[in-house]
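This report describes one protein model for a reader who has not seen it before. The sequence and structure come first, and the description follows.

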Amino acid sequence: MYSLILLFVIILTSVFLLFRYFISIMQKAKKNQKNPYFVEVVIDKKYLFSFLSFIVLTVILYLGLGRPDLLQPQLLQKELELSYIKGSNGKVATEENEKLLLLYRKLKKTLAKRPGDILGYSLLVKTCLTLNKYSEARLAQEKVLFLKKSTSNMDDYALLMDTYLIAAGGRFSIEASQMLKKIRNKYPLNENTQFFVALEHLERKKYQAAVEVYKKLQSRSILKIEKLILLENKLKNIGYSN
């Protein structure tokens, strides 16, 4: 699909440049010749070079910088997290969470001495989520997967994807898409995988594809109800109704 869009852009711009090129030739011919209807088409190397350069640069930008993201932009995780933090008050009820804050500080000190403690990092993820330290929760879950390596399971990946989304205010980042690609290779039929696929479709404005995934998940009735409701609400925001 994206290749077709790229081809369309190149063709459209090429036609425009060629039109401008021939108009300039006709204007020169009318000035230099007595017969205004006679046009001697001569290839101008400068125009030809500009035309070819445009096509090459368009292809390089598309393939090198964006690919689909150039046409349907997704942002980096840190950019989305920064926007989300600025948009929220960022306050934590420290009085109510005094015990959790104490646990959080102890965990940080312990993990500094024991960087390979998987259970410690897992506990840090839950603690950070409770304290609304979403970015730190994401980093902690990334550490869990790094330490577990090949023993990581779908639950570990799903929690990481959840932290990506929560930390980004519900947006689907480039890093989330990269992680989803790995998950799809390992667990292509898992209901959580399909849930995140639907969210990625929504981020990329592939609304019909998102609806189709949602209908499959709804008919199978195996996805957790809260996730199904979340997906349904996001679809309602774009005008979908059962």
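## A residue in a loop

Ser221 counts as exposed, because its relative accessibility is 60% and exposed means over 50%. The place of Ser221 is in the loop between H11 and H12. Its phi is near 55°, a positive value in a residue other than glycine. Most residues other than glycine have a negative phi. Lys205 also has a positive phi, near 65°, and is not a glycine. Lys205 is found in the loop between H10 and helix H11, which covers 207-220.

## The chain as a whole

The model is predicted. Its protein chain has 12 helices and zero strands. Read from the N terminus on, the elements are α-α-α-α-α-α-α-α-α-α-α-α. The chain has 242 residues, and buried residues make up 34% of them. Its accessible surface comes to about 16,000 Å², and carbon and sulfur atoms hold 61% of that surface. Among contacts with a separation of 6 or more, 58% are between residues 24 or more positions apart.

Two packed helices are described by the angle between their axes and the distance between the axes. Helix H8 spans residues 154-167 and helix H10 spans residues 191-203; the two pack at an angle of about 25°, and their axes are 10 Å apart. H8 is therefore roughly parallel to H10, since angles under 35 degrees count as roughly parallel. H8 passes H10 in a left-handed crossing. On the H8 side, the contact is made by Met154, Ala158, Met161, Asp162 and Leu165, and on the H10 side by Asn192, Thr193, Phe196 and Leu199. Sorted by class, this contact of H8 with H10 has six nonpolar, two polar and one charged residues.

H10 also packs with helix H12, residues 225-237; the axes come within 11 Å and cross at roughly 15°. This angle makes H10 roughly parallel to H12. The crossing of H10 and H12 is left-handed. H10 contributes Asn192, Phe195, Phe196, Ala198, Leu199 and Leu202 to the contact, and H12 contributes Lys227, Leu230, Leu231, Lys234 and Leu235. By class, the contact of H10 with H12 has eight nonpolar, one polar and two charged residues.

## Two residues of H8

Which residues does Met161 touch, not counting those up to four places away in sequence? They are Phe172, Ala176, Met179, Leu180, Ile183 and Phe196. Met161 lies in helix H8. Its relative accessibility is 0%, so Met161 counts as buried.

Leu165 has its place in helix H8. At 10% relative accessibility, Leu165 counts as buried, because buried means under 20%. Leaving out residues up to four places away in sequence, Leu165 touches Gly170, Arg171, Phe172, Phe196 and Leu199. Phe196 and Leu199 are among the residues of H10 that make the contact with H8.

Ile10 lies in helix H1, residues 2-32. With a relative accessibility of 13%, Ile10 counts as buried.

Is Leu100 buried, exposed or partly exposed, and why? Leu100 counts as partly exposed because its relative accessibility is 24%, and partly exposed falls between the 20% limit for buried and the 50% limit for exposed. Leu100 lies in helix H5, residues 98-113. Apart from its neighbours within four places in sequence, Leu100 is in contact with Thr127, Thr130 and Leu131.

## Separations along the chain and in space

The table sets the separation along the chain beside the C-alpha to C-alpha separation for four pairs.

| Pair | Along the chain | C-alpha to C-alpha |
|---|---|---|
| Ile10 and Ile55 | 45 residues | 6.6 Å |
| Leu100 and Cys128 | 28 residues | 9.0 Å |
| Leu165 and Tyr134 | 31 residues | 9.4 Å |
| Met161 and Ile183 | 22 residues | 9.9 Å |

Met161 and Ile183 from the table are also in contact.

Terms used
Residues are numbered from 1 along each chain as its sequence is written. This is a predicted model: local features need pLDDT of at least 70, side-chain atom pairs count only at pLDDT 80 or more; totals for chains, interfaces and linings use all residues. Side-chain values use heavy atoms; hydrogens and water are left out. Axes are lines fitted to C-alpha atoms, for helices over the stretch in contact, and angles run from 0 to 180 degrees between N-to-C directions. Helices (H or I, at least four residues) and strands (E, at least two) are DSSP runs, numbered from the N terminus. Angles under 35 degrees count as roughly parallel, over 145 as roughly antiparallel, 65 to 115 as roughly perpendicular and the rest as oblique. A crossing is left-handed if the near helix is turned anticlockwise from the far one by less than a right angle, and right-handed if clockwise. Contact means heavy atoms within 4.5 Å. Ala, Val, Leu, Ile, Met, Phe, Trp, Tyr, Cys and Pro count as nonpolar, Asp, Glu, Lys and Arg as charged, and the others, Gly among them, as polar. Buried means under 20% relative accessible area, exposed over 50%, partly exposed in between (1.4 Å probe, protein chains only). Accessible areas come from the Shrake-Rupley method with a 1.4 Å probe; for residues, only the protein chains shown count as cover.
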